[in-house]
Amino acid sequence: MTRRQLLALGFATATSVVLPEVARATTTTMPQSSPLKSITPQPLKPGDKVALIAPASPVGAAEDLTAFRSRVESHGLVPVDAPNLMRTWAYLGGTDQERLDDLHWAFKNPEVKAIFPVRGGYGCTRLLPQINYDLIRKNPKILCGYSDITALLIAINQESDLITYHGPVVASTPSEYSDAILKAFLFGTPNHYEFKNPTGEGDQYTLQAITKGTASGPLTGGNLALLSAMCGTPHQLQGAGKIVFIEDIREDPYKIDRMLTQLINSGSLANAAGIICGQFTNCDPEEPEPNEWLVKDVLNERLGLLGIPTMTGAAIGHVRPKWTIPIGTTATLDTNSLTISISNNQNT
C-alpha cells in the first residue's frame, strides 16, 4: 500500500465524521485590538536607491541579476548591489555572516531607502539570532518579500516594531495587478485600503468564509512552512490579537495539517483575532483518491475549530497576482461581507 493510499484510507474514515458546521457558521465578533506602536518606514519616491540582497538562496547567473536590476529600474528606482550579493555558499547566497553583513549594511547605508531581497528559497531562519534589531529600529526602511523572507519579516516586525511588507521579491514574475498594489504601499502610505482579488484568474481566487464574523487587529503571517519552523524559537509568531495570514506551495494536505497543528499547539494562534488563508499552490494531488482530503478540507477542520473569523481564497502566496501586505498595520476582516481593509493612521 502506497503512502497516499494509506492516507486516503485514513481520510475515508475521517470523512465519516462531519466537519464542524457550527464553527463555520458561527458569527464571532472579536473586540478591536489596541493599536501597536509601529514604525512606518518612509515611502519611496522615483530616483531612490534600493539595496538588492540575497539573504536566502543565491542570485544565480549574472544574466539573472541583469534582469532583476531592470525590474527594479522599471519602477523608477535605482538598484544598488549589496557587497556580497553574488556570493554562493552551498545552497545559500553566501555564508551566514556574509548574508547578515549585507542585511545590516542595507539598513545602515544612508543612501539606501528600501531593501529588496532578490529571491526566497532557504536560509533566513539561520540569520535570526544574530540580527541587530536595535540597528534596524534606529534605521527603519522598507523591507519587502515573501516565501523564505517570511522569517525576516516576522522577526524584524516583532523585535524592531518596524512595519514590513509581505509582497513580491525581485525575482517574482511581473504582474500589472501585483505592481499596482506594491506601488500603492511602497510609494505611499494609504490611510485606507481595501484588498480586492484579481478577476478572471480562476476559482482559487474566490473568497469564502470558514467562520463568519468580524475582527480587527494588526496583520501578521506569511509562508506556513516558515511560521511552523519558527515555533519554539524566540522569534515564534505572536498571533494574539492579530489577523494572521498563511499560504504555501507544494505541501501535501497532511503536511498542511501538521504545520497548522504545530501553530495551534505551540500557542502561535492562541487568541488570534482572525485568519486569512491565501493560496496553497500545487498542494492538492492531481488525481485524488476517493474520499481523500484536499487542502480545503484541512483548513475547514483545523481552522474551523478555532471559532474566529476565517476566510480562504486571498491573493497571497506563490502566485503571479498577489497582494502586498503591510505586517503590523491594523486591518479589519469581515467574513460576512468577505472584505479585508486596512488603515494606517494609528502608526507612528
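**A core and its surroundings**

The largest nonpolar core holds 95 residues, and Phe116 and Ile256 have the most contacts inside it. Such a core is a set of buried Ala, Val, Leu, Ile, Met, Phe, Trp, Tyr and Cys residues joined through side-chain atoms within 4.5 Å. Helix α6 (residues 150-160) gives the most to this core, with 6 residues. At least three core residues come from each of domain 1 (39-189) and domain 2 (190-286 + 293-347); the bounds come from an automatic or database domain assignment.

This is a predicted model: local features need pLDDT of at least 70, side-chain atom pairs count only at pLDDT 80 or more, and totals for chains, interfaces and linings use all residues. Residues are numbered from 1 along each chain as its sequence is written, and side-chain values use heavy atoms, without hydrogens and water.

Start with Phe116. Not counting residues up to four places away in sequence, Phe116 touches Leu44, Val50, Ala51, Leu52, Ile53, Val72, Leu77, Ile142, Cys144, Val170 and Leu186. A contact means heavy atoms within 4.5 Å.

Now turn to Ile256. In helix α9, Ile256 is buried, as are Pro253, Tyr254, Met259, Leu260, Thr261 and Leu263. Buried means under 20% relative accessible area, with a 1.4 Å probe and protein chains only. Helix α9 (residues 253-266) has 14 residues. From first C-alpha to last it reaches 20 Å, close to the 20 Å expected at 1.5 Å a residue. Just after α9, Gly267 takes a positive phi of about 90°.

Thr312 sits in strand β12 (residues 310-312). Thr312 counts as buried because its relative accessibility is 16%. Beyond residues up to four places away in sequence, Thr312 touches Thr206, Leu207, Gln208, Ile210, Cys277 and Leu299. Helices (H or I, at least four residues) and strands (E, at least two) are DSSP runs, numbered from the N terminus.

Notes. The expected span of a helix is 1.5 Å times one less than its number of residues. Buried means under 20% relative accessible area, exposed over 50%, partly exposed in between (1.4 Å probe, protein chains only).
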